[in-house]
Amino acid sequence: MSSRRGVGLSAFQNRSALSTQYASHGASLRSNHASSLQNQLSVFQSLLHNFAIQHGDTIKSDPTFRAEFARMCNAIGVDPLAGSNVKGKSGSKGKGSWWAQTLGGDVNDFYFELAVRVVELCRATRGENGGLIGVGECREMVGKGKGIGGGMDISDDDVLRAVKSLDPLGSGFSVVTVGSRQMIRSIPKELNTDQSTVLEAIQVLGYVTCSMLEDNLGWSNARSETVIQDLLADSLVWVDAQSPEKEYWSPSSMGVDDL
């Protein structure tokens, strides 16, 4: 006859108490860990603030240094453009963006001015490129001050942040990737797969023809003609009718000096 005793009520009570102790200890560890991380983040943000004040002039004048500083901000959860407000200068009621609070209104206004210039440039060239312009091309044209006042010493990162600052306005401006290039789209229209494929081919080859699309992609003539005509209608490609077969070029793939 087995002498093994069954589990009594006290065993269940002990197990319940032990589970409660584990849960309490786990919650305490999580709380301490969260507090430690918050303290570390506060220290990093304080050091970042001091660094920004110490190197403020360089941040304002050097686009490469400014881009690296902005990436360092994002790495610890500080969005330099968050809460941007033109009225955030000293003497006004608004606090403005983190840029404005730390470095004064100059940097904050810099991105607003750059955003305005990007919008003006995109609108001025929309008839030539169908509302799709390369980020690098935009940077070069703004840097040279073509048709929009004096030039600005900026980087691609500055242009991307300026476009991002337009998001709250619902402006329809966005950055898309076509092939290996980042491009600013200033019209609220999505590129379909065939259109993106053709524009990517133009980046690589310089131009395309319908026969090239048919031979290399296996498309039918009707499919090639349709996508080309759609791109032509939106001014995303130009046609060279002087060749034996019409060649189609993308203004967004040309250099600034070629336009």
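Helix axes here are lines fitted to C-alpha atoms over the stretch in contact, and their angles run from 0 to 180 degrees between N-to-C directions. The model is predicted, so local features need pLDDT of at least 70 and side-chain atom pairs count only at pLDDT 80 or more, while totals for chains, interfaces and linings use all residues. Residues are numbered from 1 along each chain as its sequence is written, and side-chain values use heavy atoms, with hydrogens and water left out.

The axes of helix 6 (residues 135–144) and helix 7 (residues 156–164) come within 9 Å and cross at roughly 100°. That makes the two helices roughly perpendicular, a label covering 65 to 115 degrees. Helix 6 brings Val 135, Gly 136, Cys 138 and Arg 139 to meet Asp 156, Val 159 and Leu 160 of helix 7; contact means heavy atoms within 4.5 Å.

Now the core. Which residues touch the most other members of the largest nonpolar core? They are Leu 114, Val 118, Cys 138, Val 159 and Ile 184, out of 21 residues. Such a core is a set of buried Ala, Val, Leu, Ile, Met, Phe, Trp, Tyr and Cys residues joined through side-chain atoms within 4.5 Å, buried being under 20% relative accessible area with a 1.4 Å probe and protein chains only. Helix 5 (105–129), helix 6 and helix 7 each give two or more residues to this core, and helix 5 has the largest share, eight residues.

Last, Leu 232, in helix 10 (residues 221–233). Beyond its neighbours within four places in sequence, Leu 232 contacts Val 237, Trp 238, Val 239 and Tyr 248.

Methods
Helices (H or I, at least four residues) and strands (E, at least two) are DSSP runs, numbered from the N terminus. Angles under 35 degrees count as roughly parallel, over 145 as roughly antiparallel, 65 to 115 as roughly perpendicular and the rest as oblique. Buried means under 20% relative accessible area, exposed over 50%, partly exposed in between (1.4 Å probe, protein chains only).
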